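Please look over the structure below before reading the report.

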Amino acid sequence: MTQILTYKPINLGRRIVWSLFAIVLIAAPLIFNKGASISILSQIGTLMIFALSYNMLLGQGGMLSFGHAVYSGLGAFCAIHAINLASAGTMPIPLSLIPLVGGLAGMGFGILFGYVTTKKSGTTFAMITLGIVELVFACSLMFPSFFGGEGGVLTNRVIGKPFFGITFGPQIQVYYLIAAWLFVSTIGMYAFTQTPLGRVLNAVRDNPERVEFIGYDTQWVRYLTLILSAFFAGIAGGLAAINFEIVTAENVSAIRSGGVLLFTFIGGVGFFFGPMIGAIIGLFLTVLLSEFTKAWQLYLGAFFILIVLYAPGGVASIIMLNLRLVKYGKFRRVWPDLAAVTAMGLLVFFGVVLCVEMLYHLTLESVNTTVMPLFGFKVDTAGPSGWFVALTILALGIFGFYQTKKAFQHSWSEVNTEIEDAIRRAQA
């Protein structure tokens, strides 16, 4: 038989993207090295894996789950017990492989719970996952020998002898461990999207009836995907156990599941890199912003509502739409109107922040004093002057936003229509 050789060109663009991703992971702690920056980067890396694993269900499979924290949380509990066993000499396993223990545990529980949850789809699937997470959370208080009760399970990640000076005691060493697992896990989850199972999963999301008609079992497609998703969620849980050295019942709570849903949707479920952007924004809105204001939950909720209303594709869709304008050379026609509407939007945001912060201080802390520091100024929240300035800025911002919005919508619609025409002509 004669072997036919086919030429497969190297996908240079994809290699460049993955190389840049690796460089960013390596260089990030060298650039952001002040205060708790490395700890924040470690949390972002863990959350990225968790959000990407969740997007395997929601974005690629259309499975809205309220219980994804079960797999990361139970993986974290198994991982932290593995660390304690390794520390006691019972189970000889290096700390660098502990995330794999969490991943295998998450996969095991995915096999157990996924067989039940994936029997149904749509709203029924979502409700079953909500029931599962509440069930596991209740068990966390019923079985203190495994879950550690209300105090959780503690550990010490410095185990065994140093390997080339690496003890995983310093936070920078933990970060690079998380970065390595993030890189490998991201490659694995992206590779899944290119497999036949990943392609069929997209078809199940879009038209399950047609998939069944051509002979595929949609329940098994969802089930296998959930098992793989649970594996990567367990890896994220194992890394979180190493990073924080404690796992509590909160790790298997509905609050944690709701958080990853918010962050994934904010980043953009329709794009592979969307959850990674959502993880960065979500950590900023929950961890960093809570250090500066007590109203951080209000800002998080408002931001999520705005994304749902005006950018249902998430932040990633906004980025990709503007990159498309750049690709077709149309961005220069849009950016003046875009800059104007963005400036007015920031003015509205500034006015809202002033009003919210003053209202929070007046309601919660006015017993001590009604004067508060705000953007470098002393503002009396009980006096009319501060409220007058805040409401004036807000009113000017709203008026300017609606004035500039019309011109932006016109130019945006015009250039996108031209792009769509160019695409149709090229396809014809």
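The report below describes a predicted model.

## Helices α1 and α7

Helix α1 covers residues 12-31 and helix α7 covers residues 171-193; their axes come within 10 Å and cross at roughly 165°. An angle over 145 degrees counts as roughly antiparallel, and α1 and α7 are therefore roughly antiparallel to each other. The crossing of α1 past α7 is right-handed.

On the α1 side, the contact includes Arg14, Trp18, Phe21, Leu25 and Pro29. On the α7 side, the residues include Ile172, Tyr176, Phe183 and Tyr190. Sorted by type, the residues of this contact are 17 nonpolar, one polar and one charged.

## Helix α8

Which residues of helix α8 are buried? In this helix, residues 196-206, they are Gly198, Val200, Leu201, Asn202 and Val204.

## The nonpolar cores

The largest nonpolar core has 88 residues, and Val70 and Ile98 have the most contacts inside it. Helix α2 gives the largest share of this core, 14 residues. Another core, of 10 residues, lies apart from it; among its members are Val348, Met372, Ile393 and Leu394.

Neighbours within four places in sequence are left aside in the next list. Ile98 is then in contact with Ala79, Ala82, Ile83, Ile93 and Ile242.

## Val334, a buried residue

Val334 is part of helix α15, which spans residues 331-364. Is Val334 buried or exposed? Its relative accessibility is 0%, so Val334 counts as buried; the cut-off for buried is under 20%.

With neighbours within four places in sequence left out, Val334 is in contact with Leu325, Phe408, Ser411, Trp412 and Val415. Val334 and Gln409 are 75 residues apart in sequence, and their C-alpha atoms are 9.4 Å apart in space.

## Phe284, a partly exposed residue

Phe284 sits in helix α12, residues 274-288. The relative accessibility of Phe284 is 42%, so this residue counts as partly exposed. That class takes in values between the cut-offs for buried, under 20%, and exposed, over 50%.

How many residues apart in sequence are Phe284 and Gly274? They are 10 residues apart in sequence, and 16 Å apart in space from C-alpha to C-alpha.

Notes:
Residues numbered from 1 in each chain as written. Predicted model: local features only at pLDDT ≥ 70, side-chain atom pairs only at ≥ 80, totals over all residues. Heavy atoms only, no water. Helix = DSSP H or I, 4+ residues; strand = E, 2+ residues; numbered from the N terminus. Buried < 20%, exposed > 50% of the residue type's maximum accessible area, 1.4 Å probe, protein only. Contact = heavy atoms within 4.5 Å. Axes fitted to C-alpha atoms, helices over the stretch in contact; angles between N-to-C directions. Parallel < 35°, antiparallel > 145°, perpendicular 65-115°, else oblique. Left-handed = near helix turned anticlockwise from the far one by under 90°. Nonpolar A, V, L, I, M, F, W, Y, C, P; charged D, E, K, R; others polar. Core = buried A, V, L, I, M, F, W, Y, C linked by side-chain atoms within 4.5 Å.
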